[in-house]
Amino acid sequence: MSDPILSVRSLTTVLHLAGGKLPVVRGVDFDISEGETVALVGESGSGKTLTMLSVMGLHPQPPAEIVEGEVRLAGEDLLRATERRRRQVRGADLAMVYQDPMTSLNPLMRVGDQIEEVLTAHGRSNAEAEARTLEVLSEVGIPQPDRARRSYPHEFSGGMRQRVVIAMALALRPKVLIADEPTTALDVTIQQQIISLVSDLQDTMGMAVVWITHDLGVVARVAERILVMYGGHIVETGTTSEVFRRPEHPYTAGLLAAVPQARGDLREELYQIPGAPPDPSRYPSGCPFHPRCPNSIDTCIDQMPPMTVRDGGTGTHAAACWVPPEDWVA
Amino acid sequence: MSILSATDLVKRYPIRGTRQELTAVAGVSLELGRGETLGIVGESGCGKSTLARLLVRLEEPTSGRVILDGSDITSLSSSELREVRRRIQLVFQDPYASLNPRVTVGRAIEEVLEVHRVRSEPEWKSRVGELLEMVGLASTFATRYPHQLSGGQRQRVGIARALAVEPEVLVLDEPVSALDVSVQSGIMNLLGRLRDELDLAYVFISHDLSMVRHISDRIAVMYLGRVVESGPWLPVSDEPLHPYTMALQEAVPTADPEAEAARQVAGVVGEVPDPANPPPGCAFHPRCPLAEEICVQVLPTLASLQDSHAAACHIAARRAGQPEATLA
């Protein structure tokens with residue numbers, strides 16, 4: 001395998017709150033290869049969004065602070081780079097789109113001007129910026145780009161607005177696109193359009209895409225590899241097919257069993273993970289999943305298990321669990 | 001006999017500052033048997049939430065009728081409505097919005113008993129405990145405040161409040177959509193169990209076809225204010241007749257990478273049209289891969305095409321050997 005385009009090691013981000021320091025991202029490691037599609041899966045409070053905001057350098061400061069780790073883009077450690085350099089990288093090499101397109105759009109500015117601003121801030125001339133804006137609006141499937149360019153965000157539907165945001169993120173042809181639940185607020189037929197759009201653009205531009213999502217169906221549809229996050233840690237990683245076929249973390253196994261069948265006449269009681277995902281202010285000790293886990297042993301209560309590659313696999317599949325799947329009771 | 005039926009329900013809203021009207025529900029008829037679950041699936045703007053509010057008469061229909069156990073609830077006075085609300089209840093997507101943050105869970109349930117004069121005051125406390133246990137919460141939850149609950153626990157409280165009046169019908173509007181995946185399954189299982197134990201009938205409304213097919217006996221698919229397909233859950237979900245349902249089913253990804261890799265998803269073009277300005281003919285025709293001239297001109301009617309499986313589609317009707325509509 002070639003060197004990863006994005007490499008994250010021991011990333012630890014805390015929130016400074018009145019009550020003290022809250023560790024939300026707790027030593028996260030992962031690599032993204034060029035052109036790869038990876039899903040970062042987690043539920044609310046898992047730390048998945050703050051992880052990727054920290055990678056982007058867009059974590060809200062205060063209250064968030066990266067206290068440890070490395071974020072390397074093509075070998076360069078961004079956490080030790082100047083803010084000026086970080087701004088250069090953002091947009092040009094790393095870009096992010098959010099669930100709510102209005103997070104990235106200024107409601108009072110024509111969308112063309114907003115995209116052009118990104119381009120001129122990265123050294124493109126006005127003429128280049130205008131030409132690229134028209135081109136990228138057309139690449140994301142917005143009809144009549146010349147008219148769209150002169151429109152305001154509110155003049156677009158939700159799906160079209162998300163396309164505008166994707167156009168803005170891709171204006172500089174980044175190497176990595178981070179897509180944070182970009183389809184969650186959209187109808188399924190529009191969600192499918194956005195998924196197809198991003199996959200097509202990925203093929204033509206060759207960028208890597210990290211989908212942040214809670215939807216296992218979306219993961220199965222788009223991702224080659226999966227990172228499962230729970231309680232601030234990556235708890236399982238592997239190719240999508242090996243993780244879905246034989247999950248090695250009880251949380252992943254529970255999530256997969258909790259989803260109703262989308263086809264066929266089998267309708268059984270759904271598997272129910274007891275309890276609810278933990279709040280970052282009250283992450284449990286040891287393995288954060290232990291209070292909900294049917295397979296937990298004493299060790300789980302006070303020791304966080306390391307990521308473990310088990311025998312018989314391809315070496316790409318790892319999980320942070322003290323108990324091997326063959327010893328699970330559920 | 002049906003416990004709940006709706007006949008040709010229409011709801012139009014005036015558009016402020018204009019003389020135009022927006023038709024949110026454009027003539028929906030449905031039947032719900034005792035103990036039965038009717039799933040209603042559709043995307044935003046299809047009118048499913050307005051329909052929910054019409055069924056429990058939180059909104060007045062522009063025309064059409066809702067019949068609950070033989071009596072027309074669309075013509076009742078507000079005092080008579082209270083009796084109706086004891087028999088049919090609405091559960092919302094976000095119970096947080098309907099819970100007063102300063103009122104304990106126990107008091108919030110008690111209020112319902114008080115307003116509807118269910119049982120006598122001395123029994124309330126123990127009844128609150130019973131209701132909480134019925135929805136899978138310890139009776140000690142009665143002393144907690146809404147902010148001390150997780151999303152799933154709040155939805156359980158929402159369900160407990162709805163059950164307090166001992167209704168026969170629950171209208172559930174996106175009851176699990178705001179919840180985490182690992183919590184959704186618990187609520188779905190709870191709804192299934194309560195239905196069996198209390199012999200409840202449900203109208204289960206969601207944008208999520210996989211949840212709807214999981215719990216429903218029959219499914220109605222809505223698009224732009226109309227039912228475009230309805231029938232038993234399995235054929236509607238897995239062998240749909242209407243091209244919109246086909247598109248919906250195809251767009252829903254399944255948590256199975258092998259199946260997903262094998263699928264070629266064509267997708268459907270365009271977006272849901274503006275309900276204030278619907279297309280002529282079949283409202284789906286601008287997005288439909290099968291559309292012909294007739295679809296642009298003539299609104300198809302919902303017709304039974306096979307074994308109580310109905311669709312409102314000219315092409316599906318022709319394929320089923322039904323007489324064809326003709327151009328004017």
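Trainee: Which residues does B:Val221 touch, leaving out those up to four places away in sequence?

Mentor: In this predicted model, B:Val221 touches B:Val41, B:Gly42, B:Val227, B:Val228, B:Glu229, B:Ser230, B:Val236, B:His242, B:Tyr244 and B:Thr245.

Trainee: And which residues touch the most other members of the largest nonpolar core?

Mentor: B:Val221 is one of them, along with B:Leu55, B:Val171 and B:Val203. That core has 100 residues.

Trainee: Which strand gives the most to this core?

Mentor: Strand E2 of chain B, residues 21–33, which supplies six residues. At least three residues also come from each of domain 1 (97–165) and domain 2 (240–319) of chain B.

Trainee: What does the second, separate core include?

Mentor: It has 94 residues, including A:Val41, A:Ala171, A:Ile190 and A:Tyr251.

Trainee: Let's switch to chain A. What are the bounds of its domains?

Mentor: The domain assignment puts domain 1 of chain A at 6–223 and domain 2 at 230–327. Taken over C-alpha atoms, their centres are 28 Å apart.

Trainee: How many residues of each are in contact?

Mentor: 19 residues of domain 1 of chain A meet 16 residues of domain 2 of chain A. On the domain 1 side, strand E2 (20–32) and helix H8 (216–222) of chain A are the elements giving two or more residues. The largest share is from E2(A), with nine residues.

Trainee: What classes do the residues on that domain 1 side of chain A fall into?

Mentor: There are 10 nonpolar, six polar and three charged residues on the side of domain 1 of chain A that touches domain 2.

Trainee: New topic, the two chains. How many residues does the contact take from chain A and from chain B?

Mentor: It takes 38 from chain A and 35 from chain B. In chain A, the elements that give two or more residues are helix H7 (188–205), H8, helix H9 (240–245) and helix H10 (250–258). H7(A) gives the most, with seven residues.

Trainee: And by class, what does that side of chain A have?

Mentor: The side of chain A that touches chain B has 17 nonpolar, 14 polar and seven charged residues.

Trainee: Last one: how does the radius of gyration of chain A fit a compact globule?

Mentor: It agrees: a compact globule with 330 residues would have a radius of gyration near 20 Å, and chain A has 21 Å. The C-alpha trace of chain A spans about 65 × 50 × 40 Å along its principal axes, and buried residues make up 48% of the chain. Its secondary structure comes to 11 helices and 12 strands.

Note on methods
Residues are numbered from 1 along each chain as its sequence is written. Chains are lettered from A and ligands numbered from 1 in the order in which they are written. This is a predicted model: local features need pLDDT of at least 70, side-chain atom pairs count only at pLDDT 80 or more; totals for chains, interfaces and linings use all residues. Domain bounds come from an automatic or database domain assignment. Two residues are in contact if their C-beta atoms, placed from the backbone, lie within 7 Å. Helices (H or I, at least four residues) and strands (E, at least two) are DSSP runs, numbered from the N terminus. Ala, Val, Leu, Ile, Met, Phe, Trp, Tyr, Cys and Pro count as nonpolar, Asp, Glu, Lys and Arg as charged, and the others, Gly among them, as polar. A nonpolar core is a set of buried Ala, Val, Leu, Ile, Met, Phe, Trp, Tyr and Cys residues joined through C-beta atoms within 7 Å. A residue is buried if 20 or more other C-beta atoms lie within 10 Å of its own, exposed if 12 or fewer, and partly exposed in between; C-beta atoms are placed from the backbone. The radius of gyration is taken over C-alpha atoms; the globule rule is 2.2 Å times the number of residues to the power 0.38.
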